[in-house]
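Please look over the sequence and the coordinates shown here before reading on. The report after them is meant to be read side by side with the model.

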Amino acid sequence: LALTPNDFDFEHKIVSITKSYQRIGGEDIITPPKTDKSIRRVLLSDFLSEEIQQYLFGLKDIAEDE
């Protein structure tokens, strides 16, 4: 699971799963998911949406695609 701030739509409380994270040979690799069914949009609860927003707000110097 490779999430970035761009993957969150806090207005609609949705997270988009569009990438996969792998560690190969000590290197971090971000790729598309293995299957089309792995690409999905997940509805967030109010609580989780607020918690993630607060967490991301607390991160300094993070780009929207990091």
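What follows describes the fold, the nonpolar core, the aromatic contacts and the salt bridges in turn.

This is a predicted model, in which local features need pLDDT of at least 70 and side-chain atom pairs count only at pLDDT 80 or more, while totals for chains, interfaces and linings use all residues. Residues are numbered from 1 along each chain as its sequence is written, and side-chain values use heavy atoms, with hydrogens and water left out.

The protein contains one helix and five strands, where helices (H or I, at least four residues) and strands (E, at least two) are DSSP runs numbered from the N terminus. Read from the N terminus, the order of these elements is β-β-β-β-β-α. The C-alpha atoms fill a box of roughly 35 × 30 × 15 Å along the principal axes.

Three strands make up an open sheet in the order E1-E2-E5, with antiparallel pairing; two strands pair if DSSP finds at least two bridges between them. Strand E1 (8-9) and strand E5 (40-43) are at the edges and have a single partner strand each, so one side of each lacks a neighbour in the sheet. E1 and E2 are joined by two bridges in the antiparallel sense, and aspartate 9 has isoleucine 14 in E2 as its bridge partner.

In soluble globular proteins, nonpolar side chains tend to be buried together. The largest nonpolar core here consists of six residues, Phe8, Val15, Ile17, Leu44, Ile52 and Leu56; such a core is a set of buried Ala, Val, Leu, Ile, Met, Phe, Trp, Tyr and Cys residues joined through side-chain atoms within 4.5 Å. Strand E2 (14-17) and helix H1 (46-58) are the elements that give two or more residues to this core. Beyond its neighbours within four places in sequence, leucine 56 touches Pro5, Phe8 and Phe10.

One aromatic pair is found in the whole structure, the criterion being that rings of Phe, Tyr and Trp (its six-membered ring) have centres within 6.5 Å, with planes under 30 degrees apart counted as stacked, over 60 as edge-to-face and the rest as tilted. The ring centres of phenylalanine 8 and phenylalanine 10 are 5.6 Å apart and the planes are at 5 degrees, so this pair is stacked. Phenylalanine 8 is buried at 15% relative accessible area, whereas phenylalanine 10 is partly exposed at 22%. Elsewhere, the charged end of lysine 60 sits over the ring of phenylalanine 57, 5.7 Å from the ring centre, where the rule asks for NZ of Lys or CZ of Arg within 6 Å of the centre and within 35 degrees of the ring normal.

There are three salt bridges, each defined by a side-chain nitrogen of Lys or Arg within 4 Å of a carboxyl oxygen of Asp or Glu.

| Salt bridge | N to O distance |
|---|---|
| Lysine 19 and aspartate 7 | 2.8 Å |
| Lysine 13 and aspartate 46 | 2.8 Å |
| Arginine 23 and aspartate 28 | 2.3 Å |

Lysine 13 is in the loop between E1 and E2 and aspartate 46 is in helix H1, so their pair ties together parts 33 residues apart in sequence. Aspartate 7 counts as buried at 8% relative accessibility, whereas arginine 23 is exposed at 52%.

Conventions. Buried < 20%, exposed > 50% of the residue type's maximum accessible area, 1.4 Å probe, protein only. Contact = heavy atoms within 4.5 Å.
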